[in-house]
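Subject: Structure handover

Hello,

Here is the structure I promised to pass on. Please open it next to this email and follow along.

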Amino acid sequence: MNIIYLIDFNCPYSYIGLKRLQKAVKNLDLDTEWEIKSFELESLTGKASISARERYAQKYNITESEALERLEEIEDIALEDGLKINFKDMICEIHSPNEANKIYNRLVNETTFPIGVLFDWKNI
């Protein structure tokens, strides 16, 4: 059986869903070939760097406190499946591809490097 899974790597539900599907396939002892493709549900291109909490609050028109509660609920759902996700503290930065060398150096040297970095290809 071939399984093609589209995942938005910025979406915790996509990751949780993938892990649940993989577990079900394993429990059913199915012979499968996986193809995982990236699919962006919500583009951040052209937006400023933002925390997951701020982004969630803006997206759903709620306070950051309410967003934090919802993000913690998502983390609890993941934990029930044995996944430890720290989504509430995730920061996504957006940069020009021209800054790739600088970003790579930060990745190598900074212990607090943000979990998500997107390159805005319109900003070259």
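Below is what I found, from the overall layout down to single residues.

**Overall layout**

Please keep in mind that this is a predicted model. The chain has four helices and five strands. Their order along the sequence is β-α-β-β-α-α-β-α-β. There are 124 residues, and 35% of them are buried. The accessible surface of the chain is about 8,600 Å². Carbon and sulfur atoms account for 50% of that surface. I also looked at contacts between residues at least 6 apart in sequence. Of these, 57% join residues at least 24 apart.

**How the helices pack**

Start with helix α2 (residues 52-60) and helix α3 (residues 64-80). Their axes come within 8 Å and cross at roughly 110 degrees. An angle from 65 to 115 degrees counts as roughly perpendicular, so α2 is roughly perpendicular to α3. On the α2 side, the contact uses A52, R53, E54, Y56, A57 and Y60. On the α3 side, it uses E64, A67, L68, R70, L71 and I74.

Which residues of α2 are buried? They are A52, R55, Y56 and A57. Their cover includes β3 (50-51) and α3. Just after α2 comes N61, with a positive phi of about 55 degrees.

Now take α1 and α3. Their axes are 10 Å apart, and the packing angle is about 10 degrees. Angles under 35 degrees count as roughly parallel, so α1 is roughly parallel to α3. From α1, the contact takes in P12, Y13, I16 and R20. From α3, it takes in I74, I77 and A78. I74 is also among the α3 residues that meet α2.

**Two buried serines**

S14 sits in helix α1 (residues 12-27). Its relative accessible area is 11%, so S14 is buried. Leaving out residues up to four places away in sequence, S14 touches Y5, I7, D8 and L41.

S51 belongs to strand β3. Its relative accessibility is 17%, so S51 is buried too. Beyond its neighbours within four places in sequence, S51 contacts M90 and I91.

I4, L6, F39 and L41 make a nonpolar surface patch of about 410 Å². L41 is also one of the residues that S14 touches. I4 lies in strand β1 (residues 2-7). Is I4 buried or exposed? Exposed means over 50% relative accessible area; I4 has 51%, so I4 counts as exposed.

**Salt bridges**

How many salt bridges does the structure hold? There are four. Here are some of them.

- K88 and E75 pair up, with their closest N and O atoms 3.0 Å apart. K88 is in the loop between α3 and β4 (91-95), and E75 is in helix α3, so the pair ties together parts 13 residues apart in sequence. Both K88 and E75 are buried.
- K37 pairs with E35, and the closest N and O atoms are 3.6 Å apart. K37 is partly exposed at 36% relative accessibility. E35 is partly exposed as well, at 38%.
- K102 pairs with E99, with the closest N and O atoms 3.0 Å apart. K102 is partly exposed at 44% relative accessibility. E99 is also partly exposed, at 25%.

Best wishes

How values were computed: Residues numbered from 1 in each chain as written. Predicted model: local features only at pLDDT ≥ 70, side-chain atom pairs only at ≥ 80, totals over all residues. Heavy atoms only, no water. Patch = residues over 30% accessible without salt bridge, like charges linked within 9 Å, V, L, I, M, F, W, Y side chains within 5 Å. Areas by Shrake-Rupley, 256 points an atom, 1.4 Å probe, with all protein chains shown as cover. Salt bridge = Lys/Arg side-chain N within 4 Å of Asp/Glu carboxyl O. Buried < 20%, exposed > 50% of the residue type's maximum accessible area, 1.4 Å probe, protein only. Axes fitted to C-alpha atoms, helices over the stretch in contact; angles between N-to-C directions. Parallel < 35°, antiparallel > 145°, perpendicular 65-115°, else oblique. Contact = heavy atoms within 4.5 Å.
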